[in-house]
There are 2 protein chains.
Amino acid sequence: MALNILIKKNMTSKTKKFFVVNQQGQKEPFSFQKVLQSAKRVGATHRMAQEIAQKIEKEVVEGMETRVIFEKIKAFLVKEMPSASLKFSLKDAMRKLGPTGFPFEKFIGKVLEKNGYKVKLNQIVKGKCVEYEIDCLTEKGGEVYLVECKYRNLASDVVDTQNVAILYAKFLDITSKNTPLNGFKGTINPLLATNAKFTTRAIKYANCVGVSLLGWKYPQTQGLERLIDENKLYPITILPSLNKNLLLLLNQAGIVLVDELLKANQNNQLNFIPANQLNRIISEAKLLE
Amino acid sequence: MALNILIKKNMTSKTKKFFVVNQQGQKEPFSFQKVLQSAKRVGATHRMAQEIAQKIEKEVVEGMETRVIFEKIKAFLVKEMPSASLKFSLKDAMRKLGPTGFPFEKFIGKVLEKNGYKVKLNQIVKGKCVEYEIDCLTEKGGEVYLVECKYRNLASDVVDTQNVAILYAKFLDITSKNTPLNGFKGTINPLLATNAKFTTRAIKYANCVGVSLLGWKYPQTQGLERLIDENKLYPITILPSLNKNLLLLLNQAGIVLVDELLKANQNNQLNFIPANQLNRIISEAKLLE
């Protein structure tokens, strides 16, 4: 027992005092725990995650970009657990969705629907002062959410206090009007959803004025990546063999999620894709089922 | 008398039903009155303004850009009234100030000071939720203004509802704190100042939530251009002979307004400028005294 504790301590506490550079270009201390959690999130066992974290710790050097560290984790995972390796690309895959072809608000709508919410996209809502186009209106159990979606396609992009302030002012104007919201009745709440991260100041301000946030790893235990994993709402852009041509063809056919791709394949609706390419993406997609 | 009325009617009512294209790229009906007012604003007599407007009316054609019309008005003015011609370039001169070298907030500070306001630039102000950097804090007679300055350097740039919403949310957070504002006591008001135009929706929203606006030709009878004319706060960029090198030299010497240039010249502080160039800009500057 004493030995076990000792081993465990050895395995987690040797963390080197290195600074690494994150995707926003800021320095942060290298974290053994973060590597461990990243690997576990995508399905690695605790033992496998610890092995990976120890290997990474040996290879990390001062000033290394977290992007490089993620590539290393992925390289380890791809050998041991192909499905985990795929899931590990989720953040990149979200950025590849693009502002056209597959608007982020549709994706958020699907996440909310899978969680039992009624959803109306792109609604015109009247405030006391002016009208607004609201990306997503949603309701469940008497709680209505005004959802503003902020899609970002650069790794370094963040959502800041100004984005929260704009939504908060919108919320104030709309609630001043005091009428049912396009058919939805209930307490109105503002929610800012993004595929990116929030700045610390934006989080502080949002918590203070009462704007809910949903973003990458925020809220910590219930961020967007967790909702996607839990609901298996993987975008097709997560499949390594999906090239731009295929993405375009599938978008034109209205297919944007991996489970939609698998369903269309079962119904023999994908004959517009060359057989060898189709086989490849379907076998990748099946790893995520 | 009857004849006089007839002549006057002829002079103003023949306005052609042409559409012209404004700096935002939008169509608007050609307005004889606008030409008349533009010429009068910069100092033309009513008779001279009417002559100009009639000449312009003959030359305007469907789809002509307002920019071209302004050039024509300026060409007429330059012969008749050189000082008016200079003032006519004020909007362009404001855009040439640039975000560096002569921040717009300093300019707004000077306008406010000349109107009897106490002014503090670039203040850190605490709200209930977070801190803010406020471009300009100003006070007069128990009215305190939180001024946000929006400098725009493209003719097509506008200030929209989101800019107003951000300031409004800031104002709400700061007034929630309910403490004297960096030494200024009084009723706090939000004011958005810009060298550009506001969108119609921004004006509607601002009037509704109580954000004051100061911009180009807004408020209509007391816009920024009027405050500049009334206070003779012309930026040195209004002088036609001022090239980029001279602008840089003068900015380095802290000279940004025409009256500062004239004062420095009187005090023989401009010996860093070649005599022939200095004579030219000083004689242009004197037209604006």
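This dialogue reads the interface of chain A and chain B, and then a strand of chain A, in a predicted model.

User: Which conventions apply here?

Analyst: Residues are numbered from 1 along each chain as its sequence is written, and chains are lettered from A in the order in which they are written. In this predicted model, local features need pLDDT of at least 70 and side-chain atom pairs count only at pLDDT 80 or more, while totals for chains, interfaces and linings use all residues; side-chain values use heavy atoms, without hydrogens and water.

User: How many residues of chain B are in contact with chain A?

Analyst: Contact means heavy atoms within 4.5 Å. Here 17 residues of chain B are in contact with 17 residues of chain A.

User: How much area do chain B and chain A bury between them?

Analyst: Buried area is the accessible area (1.4 Å probe) that two parts lose on being put together, summed over both. For chain B and chain A, this is about 1,500 Å², with 71% of it on carbon and sulfur atoms.

User: How is strand pairing read for β4(A)?

Analyst: Strands are DSSP runs of E with at least two residues, numbered from the N terminus, and two strands pair if DSSP finds at least two bridges between them. Eight bridges join β3 (residues 118–126) of chain A to β4(A), in antiparallel fashion; V119(A) has T138(A) as its bridge partner. β4(A) also pairs with β5 (residues 143–150) of chain A, antiparallel over five bridges, where E139(A) is partnered by V144(A).

User: Where does a positive phi occur in the hairpin of β4(A) and β5(A)?

Analyst: G141(A) takes a positive phi near 55 degrees in that hairpin, which has two residues between the strands.

Conventions: Helix = DSSP H or I, 4+ residues; strand = E, 2+ residues; numbered from the N terminus.
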